[in-house]
Amino acid sequence: MYPILSAVGLLVVYALIRVSLNRRRRALDDVHALPGPAASIASWIWGHELLVFQHAATEMYSIWARSFGGLFKIKGALFHPDIIVATDHAAVHHIFAHSDVYVKSPAFRPPIMNLIGAGLVWSEGEDWHRQRKILSPPFSQESVKDMTSVIFECAERLETRLTNLILDSPSKDGASLNIVHYISACTLDIIGAVGLSHSFSAQTARIDPHSDAAQIRASWTAHVNTGLQPLSLLASLVVRAVPAIARAPLPLMQTQGVVKTIVRRLGTALLEREQFAFAAAASQSARAAREDGAHTTGGKDILSVLLRARRLGKADQALSDGQIIDNIITFTMVGHETTAGSLTFTLWELARHPAVQDRLRAEIQSCGRDLSYDDIQKLEFLDAVVKEGLRLYPALPQTERLALEDDVVPLSTAVPGIGGSFRIRKGQVIHLPLMTLNTDAKVWGPDAKVFDPTRWLVARDPATLPSGWSGLLTFSDGPRNCIGWRLAVLEFKIILATVVRTVVLLDTGARVEEKISPTLQPVVDGKGGDLPLRVRLV
Ligand code: HEM
């Protein structure tokens, strides 16, 4: 009895403090003057955030943006001060451009730390500047171009795997499969090869359940499905209110840590392998080894770049062992699950649009089998399909920022009663629903939610588009945009081209929901990470 009374008492005291602090803030910013959904549809404890969680991906933000425009407010859960939701192009650009003022919000950083550690995605301030500078070279256009043949090898292994599955199927109509498993095995092999000079062997016919690849897959699927439970909403909102809770030994928090533990073990072994190889080489020729730290790993993968920076001994260009391992975890996870997620949804759309699939196949087949990097770049319809897939299915459909200082944000469209700019107070949380921006009917027309790659074959006035890659927010924008976007786009193109030239994708009619957990996930019959397709040979 007493614990319940104490908890209720604490909640009431917390609510009273929050409400009084919220009142004090009102006079100092423009948030109170913003429109927003009615308080009557907000829950007392969960604000409007429960509604958001109960709907598909960023659906509620899209509905509200249509009613209230590019800047509106919602009631935050747990008596959090009102949260601004921004889709106004100038405001979004300003927020992303000033990444030292607008940092990742307390609702996002602790789960990132739990899931992938203190690498590039999590870091802020000077630590981030240093990490980004060290990690950028392997993601330049030239470096990514050099990855083409390795990506083709992994994509061809996928092609063989699908072909064998179809040939072994007893049905004349081809084989049924959960395409998510096949694509993420392929992208895991790619990031292993180009990022770590490591073979995950995720695409072997009979995968050992104790292998790293199988364990990463199993723990990620468990993580995705935990995130779909209502209790997870509670966890992320409590963490926003009290960030220290993320470190508590609670089962819900620990699920996130499982993926990290598995990949940390691997990362530690990879680091030791590299250090051992370097020490051996150094004893033969210390001088040569120092000048060319690349020779142990081929030199251009991410791990080699990190180690070389450290060996060269420039203090401002070195990461500690812990930071290197956290970046191995970071790149292993964000480098494969993101691309795989958007790609599986795109394959599903191709299955549902046979005419688009046929047109894409005809374009790919017209170029023969041995495609080079330059051939791939010239395929106009492939480019259109990739952009349309990434527009509708951004792997990270939303992000959130916290203002570290008072600021004035410019607006593309003036807000009645406020004008063409907006006063923000230090401590303000701003939610950025990237998927809502990508599917805005004012930009993409009334069929904005429809998969139609031909829209990319018509020139568009850049002034009507938000800032970001191809006028999309899929890879975010500004200094903290996705460092891996070139690699992601190249992987997307090569995997699509390799699969579609050999395999016909067929829709199963399954009802697929789009949910966020923590990336965009297909959910079928309540099960996350599941997207059934039928496949047969061309
Ligand atoms: C379709 C695939 C991908 C999508 C849609 C995507 C999307 C994004 C987005 C939206 C962000 C910004 C997140 C935020 O600010 O909250 C981001 C950051 C990041 N992405 Fe990606 N990403 C993809 C693939 C990749 C790949 C292949 C890699 C690496 C191999 C990668 C590595 C990163 C890293 C390290 C960051 C943090 C960058 C920083 O803060 O400086 N991503 N990504």
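Me: What makes the reach of helix 21 close to the expected one?
Reply: Helix 21 has 18 residues and reaches 26 Å from its first C-alpha to its last. The expected span is 1.5 Å times one less than the number of residues. For helix 21 that expectation is 26 Å, and the reach is close to it. A helix here is a DSSP run of H or I with at least four residues, a strand a run of E with at least two, both numbered from the N terminus.

Me: What kind of model is this, and how are its residues numbered?
Reply: It is a predicted model: local features need pLDDT of at least 70 and side-chain atom pairs pLDDT 80 or more, while totals for chains, interfaces and linings use all residues. Residues are numbered from 1 along each chain as its sequence is written.

Me: Why is helix 21 called mostly covered?
Reply: Of its 18 residues, 15 are buried. A residue is buried with 20 or more other C-beta atoms within 10 Å of its own, exposed with 12 or fewer, and partly exposed in between; C-beta atoms are placed from the backbone. Across the protein chain of 538 residues, buried ones make up 46%.

Me: Ser-470 and Ser-476 both sit in the loop between helix 20 and helix 21. Why is each one called buried or partly exposed?
Reply: Ser-470 has 15 other C-beta atoms within 10 Å, so it is partly exposed. Ser-476 has 21, so it is buried. Ser-470 has a positive phi of about 55 degrees although it is not a glycine. Ser-476, not a glycine either, has a positive phi of about 65 degrees.

Me: How do helix 9 and helix 15 pack?
Reply: Helix 9 (residues 179–196) and helix 15 (residues 321–352) pack at about 140 degrees, axes 8 Å apart. Axes are lines fitted to C-alpha atoms over the stretch in contact, and angles run from 0 to 180 degrees between N-to-C directions. Residues of this contact include Ile-183 and Thr-187 of helix 9, and Gly-335 and Leu-343 of helix 15. Contact means C-beta atoms, placed from the backbone, within 7 Å. The contact's residues divide into eleven nonpolar, eight polar and one charged.

Me: Why is Val-150 called partly exposed?
Reply: Val-150 has 18 other C-beta atoms within 10 Å, so it is partly exposed. Val-150 is in helix 8 (residues 148–168). Leaving aside neighbours within four places in sequence, Val-150 is in contact with Ala-193 and Val-194.

Me: Which peptide bond is cis, with omega near -25 degrees?
Reply: The bond from Ser-517 to Pro-518 is. Pro-518 lies in the loop between strand 10 (513–516) and strand 11 (520–524).

Me: How many helices and strands are there in the protein chain?
Reply: There are 21 helices and 13 strands.

Conventions:
Two residues are in contact if their C-beta atoms, placed from the backbone, lie within 7 Å. Ala, Val, Leu, Ile, Met, Phe, Trp, Tyr, Cys and Pro count as nonpolar, Asp, Glu, Lys and Arg as charged, and the others, Gly among them, as polar.
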